[in-house]
Amino acid sequence: MTVGPVERISRVQFFWMVGISVVAGGIYTWPQPMIRNAGTDAPWALGVTIVLAVAMVAGEIQWARRVPGATYFDRLTGVWGRAAWLWFAGTTALCVVVDAAMLALFVQMLGVFFYPDTPAWTMRVLLVGLAGRFAAQSLPVLARNVQFWFPVVLLTFFGLVALSLPHLQSLAQLHPDWPPKMSHLDEGILATWYLWTQGALVITLAPWVRQASWGEIRRWGVAAYLFQGMMLFFTGGVVVGMLGRWAPQILAWPLIYVFVNLGPEAFLVARPGILVLPTWALALVFYLAVRMFFGSVNLQAALGFASAQRWWSVLGMVLAVSLLALMFPTPEATTRALIDIIDPLAVAWMLLHTGSTLAVAWLRVRHPGERARFP
């Protein structure tokens, strides 16, 4: 299989693309799912989740480096043969369902706080259409856009947080309980696994990172995971420090309630909190675009499309995400589906997939040698 002539991207661009695919899709809901499930043990649960996610992506890289291929599907086929279709279909379906849930939650937030009279379908079409437009571009074009816009989103976020600091209540509320309860840790992990479904994306992008070895891919990928884990800790601390421990458990979008307190006395702009609208929309668009790019490239490989026909794969993913988003009619239903159904399935699927593929690759490919090279 070939993806045609592809200009390679830099390590920094790889870092930003992996980073935006981790947290940008669901940061506006954070930390409600984790706190609601783990309570005061949420920091411990988040720490365990990050360690597990890093270990899992390192395991994905470990098996992928033993087989040749230009995409995740190619390397998966090198390990499983025809059975690769089962793993590929399950992983793709998981990613598409998570993306649809993230899109539904964001559109529902827009309807509650910003556009109550605007039909939800128009916002869904606009956001997913923009994401598909970027996903259909070449990898360097998408990478450059992510490299430019994601830091802008982060700087805007940190600026709003800085303006919110006068509303900080008490740092004492940030102290987790000791010792942590194991049941709370388990529930906390199951509450937020939708943020960590990027192993196949890392494998797909890896061959196209300029002059990077597998060791460097692992370091930069793990660095992206740890950076976004730090962002989750920071955001959770801001929310709990300003709203207390209990309010975030019942607020679907706690960060909105943090930024809504910003008024004229905080900034030259009358309502600086309105900046969350364009910046979070950008973050969601590029989150979806990166994941649709990954999905479309692998579908192209699986179906044998020519490079010029990849846009059909992108169109298929746009339609799938748009239609599946209709299955989540309310914020409550979406959150319940994420936490009670999608997350447990995601944890089980990814543990089984990574563990079994690593074991089979280790047994079947004893001496990877030249086959481990990038294309």
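Helix α7 gives the most to the lining of the largest cavity, with 4 residues. Helices here are DSSP runs of H or I with at least four residues, numbered from the N terminus. This is a predicted model, in which local features need pLDDT of at least 70 and side-chain atom pairs count only at pLDDT 80 or more, while totals for chains, interfaces and linings use all residues. Residues are numbered from 1 along each chain as its sequence is written, and side-chain values use heavy atoms, with hydrogens and water left out.

Back to that cavity. About 120 Å³ of space lies in it, a volume being the space filled by probe spheres set on grid points that are joined across faces, edges and corners. A cavity, on a 1 Å grid over the protein atoms alone, is a set of points where a 1.4 Å probe fits but cannot get out; a pocket is an open set with protein on both sides within 12 Å along at least five of seven lines; and lining residues have an atom within 4 Å of a point. The lining of the largest cavity comes to 11 residues, and Ile27, Phe150, Val153, Leu154 and Met231 are the ones nearest its centre. Two or more lining residues come from each of α7 (139-164), α10 and α13. Sorted by class, the lining has 10 nonpolar residues, 1 polar and no charged; Ala, Val, Leu, Ile, Met, Phe, Trp, Tyr, Cys and Pro count as nonpolar, Asp, Glu, Lys and Arg as charged, and the others, Gly among them, as polar. In total, the structure holds 5 cavities of 30 Å³ or more.

Then there is the largest pocket, with a volume of about 310 Å³. It is lined by 21 residues, and Ile35, Ala42, Pro43, Gly236 and Val240 sit nearest its centre. Here the elements giving two or more residues are α2 (32-38), α3 (42-64) and α10 (214-243). Of these, α10 gives the most, with 5 residues. The lining of this pocket splits into 13 nonpolar, 7 polar and 1 charged.

Now for the helix pairs. Two packed helices are described by the angle between their axes and the distance between the axes. Helix α1 (residues 11-22) packs on helix α13 (residues 276-303) at about 110 degrees, with the axes 8 Å apart; axes are lines fitted to C-alpha atoms, for helices over the stretch in contact, and angles run from 0 to 180 degrees between N-to-C directions. That makes α1 roughly perpendicular to α13, given that angles under 35 degrees count as roughly parallel, over 145 as roughly antiparallel, 65 to 115 as roughly perpendicular and the rest as oblique. The crossing of α1 past α13 is left-handed, a label used if the near helix is turned anticlockwise from the far one by less than a right angle, and right-handed if clockwise. On the α1 side, Met17, Ile20 and Ser21 meet Ala283, Phe286, Tyr287, Val290 and Arg291 of α13, contact meaning heavy atoms within 4.5 Å. These residues are 6 nonpolar, 1 polar and 1 charged.

Helices α4 (residues 72-80) and α5 (residues 84-113) pack at about 145 degrees, again with axes 8 Å apart, and their crossing is right-handed. Tyr72, Phe73, Leu76, Thr77 and Trp80 of α4 make the contact with Ala84, Trp85, Trp87, Phe88 and Thr91 of α5. That gives 8 nonpolar, 2 polar and no charged residues.

Helix α5 also packs with α14 (residues 310-325), at about 60 degrees and with axes 8 Å apart. The two are therefore oblique to each other.
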